[in-house]
Amino acid sequence: MAEFRTEEMVLNMGPHHPSTHGVLRFILISDGEVMRKAMPDIGFLHRGLEKIAELIPYQSFMPYTDRIDYLASVNSNWAYAATVEKLAGVEVPEKAEYLRVISGELTRIASHFIGVGALLLDLGAVTPFVHALRERETYNDLIEMLCGARLTHNYVRIGGVSHGLPDGFKEKALKFVDHLEYEFLDEFNELASFNSILINRLRNVGIITPETAIDYSLTGPNLRGSGVKFDLRKDEPYSIYERFAFDIPVGNGMFGTVGDSYDRYFVRMEEIRQSCRIVRQALNRMPDEGDIRTRIPKAFKVPEGEAYVRTECPRGEMGFYLVSSGDRKPSRLKIRTGSFSAMSIIEELSRGVMVADLVAIIGSLDVVAPEVDR
Amino acid sequence: MTEPPGLGLTVEVGPESLPDALAILKETEGLKFVQLMFQTGLDLGDRLGVVYSLYSFEINSKVSVKASVPKEDPVVPSACMIYKAADWFERETYDMFGIRFAGHRDLRRILLPDDWEGFPLRKDYVFPEGYGGIKHEREDICP
């Protein structure tokens with residue numbers, strides 16, 4: 001009888017794949033179903049945003065920041081505007097800060113819906129993804145009422161925001177967050193989060209200890225899923241976040257070990273609930289009168305110097321490091337995103353893991369290609 | 001030493017002392033700058049610079065370390081043994097600026113294709129005419 005050859009296979013989980021979140025490529029070296037190593041190959045969505053920033057004026061770069069994380073455009077816009085405002089010393093009016101918080105938290109809710117829905121879809125649960133997207137449709141309607149766009153919003157401007165609240169927005173938004181917090185999330189948890197198949201697929205998969213998470217510079221829900229209670233909105237408050245009462249959900253090994261994929265998934269579900277609280281408080285307290293924007297000159301120059309501002313975006317902390325030489329264009333703009341660090345940990349997490357678990361790990365880290373590649 | 005907003009106390013050190021400085025900042029009790037917030041390169045005209053920006057959860061403060069090397073032969077010792085996050089950050093800095101990190105376990109291009117020529121974020125970068133034999137400007141189909 002012939003001997004079976006057993007050797008390692010080198011497989012390509014190519015950029016064109018239904019289970020990778022965008023154009024991401026992995027080279028898998030596997031012994032049957034169990035992987036020895038999965039090496040990420042990134043750069044398929046590299047558009048040279050950092051080089052483009054050096055060629056165009058500050059205000060013109062705002063639409064490009066939409067596309068750094070197109071699922072959470074408002075948050076990316078806000079991070080860039082906050083950096084330029086910090087270095088240039090531009091004051092933002094109070095009403096504009098409220099509008100930024102409202103749109104930013106609504107966008108966080110929508111982004112988490114996609115992140116959680118995509119994880120469930122990759123694991124094979126097709127139904128909850130559609131439910132999550134249906135709720136996100138209300139968000140799309142709201143944000144279209146606000147700024148005219150459903151995906152890449154370009155809503156925040158240097159010095160404020162671009163539009164005020166239209167009539168009917170406040171009632172519709174309050175109805176939306178009430179529906180989410182008191183009806184939809186509990187229903188969704190019954191259907192998906194506490195489903196025994198999902199728990200068995202995600203528990204004890206991709207365990208990241210707090211020390212490893214900090215060493216790889218993981219941030220946002222990935223870091224909080226490992227038990228580290230650190231959120232920039234509370235620990236390094238920016239804008240007007242100190243005025244709102246909300247909690248920080250942290251992974252606690254509910255069904256497995258602290259820092260496994262289930263913790264990262266459940267932290268995102270709980271963050272949706274907390275964001276609903278913030279939106280409700282902000283809508284009720286927002287002043288009716290006030291400017292929404294501080295005018296900046298057309299030939300806007302930023303004084304010489306450097307600054308780094310980081311904000312809590314849905315996929316981690318997004319920071320912009322800006323070096324200015326006193327001109328109308330930046331001298332260097334470095335974009336630091338949460339997904340870039342999350343991608344870098346996948347190679348270490350994938351040793352000795354089955355291919356199906358790799359899909360669960362990538363989904364639970366909520367990696368999107370444009371943030372990785374810029 | 002300066003303190004730009006968001007970077008904390010910023011010091012410039014010689015490139016050879018970078019790993020020691022970072023290790024001291026990371027491991028000393030009472031400092032514990034364990035999170036590498038970001039690492040990047042800078043084009044300073046005739047020299048190339050690197051910036052490492054660190055954060056300490058324990059004392060809630062930041063510190064940044066800078067170094068600069070000549071443009072003709074930019075070599076900086078790698079920090080990937082100290083911070084695992086520095087691995088990919090340094091690969092990106094190499095990809096964009098051409099700064100070589102001595103002691104890095106796998107220094108190769110990360111965002112651009114492996115056969116790309118030139119280092120885009122340098123100020124004297126010349127935009128290529130085409131890639132893979134196909135020109136960007138196609139007068140025959142789009143005058």
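Tutor: In this predicted model, a residue counts as exposed when its relative accessible area is over 50%, as buried when that area is under 20%, and as partly exposed in between.

Student: Why is B:E29 called exposed?

Tutor: B:E29 has a relative accessibility of 62%, and the cut-off for exposed is over 50%, so B:E29 counts as exposed.

Student: What makes A:R233 and A:D231 a salt bridge, and are they buried or exposed?

Tutor: The closest N and O atoms of A:R233 and A:D231 are 2.9 Å apart, and the limit is within 4 Å, so the pair is a salt bridge. As for burial, A:R233 has a relative accessible area of 4% and A:D231 one of 1%; the cut-off is under 20%, and therefore both residues count as buried.

Student: Which residue forms a salt bridge with A:E317, and how many salt bridges does the whole structure hold?

Tutor: The partner of A:E317 is A:R310, with the closest N and O atoms 3.0 Å apart, and both of these residues are buried. A search of the whole structure finds 42 salt bridges over all chains.

Student: Why is helix α3 of chain A described as largely enclosed?

Tutor: Of the 16 residues of α3(A), 14 are buried, so the helix is largely enclosed by the rest of the structure. This helix covers residues 73–88 and reaches 23 Å from its first C-alpha to its last, close to the 22 Å expected at 1.5 Å a residue. After α3(A) comes A:G89, whose phi is positive, near 75°.

Student: What makes A:A173 buried, and which residues is it in contact with?

Tutor: A:A173, which lies in helix α6 (residues 169–193) of chain A, has a relative accessible area of 0%; since buried means under 20%, A:A173 is buried. Leaving aside neighbours within four places in sequence, A:A173 is in contact with A:L142 and A:L283. The C-alpha atoms of A:A173 and A:R280 are separated by 8.3 Å, although these residues are 107 residues apart along the chain.

Student: How do you know that β2 and β3 of chain A pair?

Tutor: Seven bridges join β2 (residues 25–31) to β3(A), and pairing requires at least two, so the two strands pair, and they run antiparallel. A:R25 stands opposite A:D41 in β3(A).

Student: Why do β1 and β3 of chain A stand at the edges?

Tutor: The open sheet has three strands in the order β1-β2-β3, with antiparallel pairing. β1 (9–13) and β3 (34–41) each have a single partner strand, so one side of each is left without a neighbour in the sheet. Neighbouring strands of this sheet are turned by 20° against each other on average, direction ignored.

Student: What are the ipTM and pTM of the model, and what is the mean pLDDT of chain B?

Tutor: The model scores ipTM 0.91 and pTM 0.92, while chain B has a mean pLDDT of 88, with 100% of its residues at 70 or more.

Terms used. Residues numbered from 1 in each chain as written. Chains lettered and ligands numbered in written order. Predicted model: local features only at pLDDT ≥ 70, side-chain atom pairs only at ≥ 80, totals over all residues. Heavy atoms only, no water. Helix = DSSP H or I, 4+ residues; strand = E, 2+ residues; numbered from the N terminus. Axes fitted to C-alpha atoms, helices over the stretch in contact; angles between N-to-C directions. Salt bridge = Lys/Arg side-chain N within 4 Å of Asp/Glu carboxyl O. Buried < 20%, exposed > 50% of the residue type's maximum accessible area, 1.4 Å probe, protein only. Expected span 1.5 Å × (residues − 1). Contact = heavy atoms within 4.5 Å. pLDDT = per-residue confidence, 0-100.
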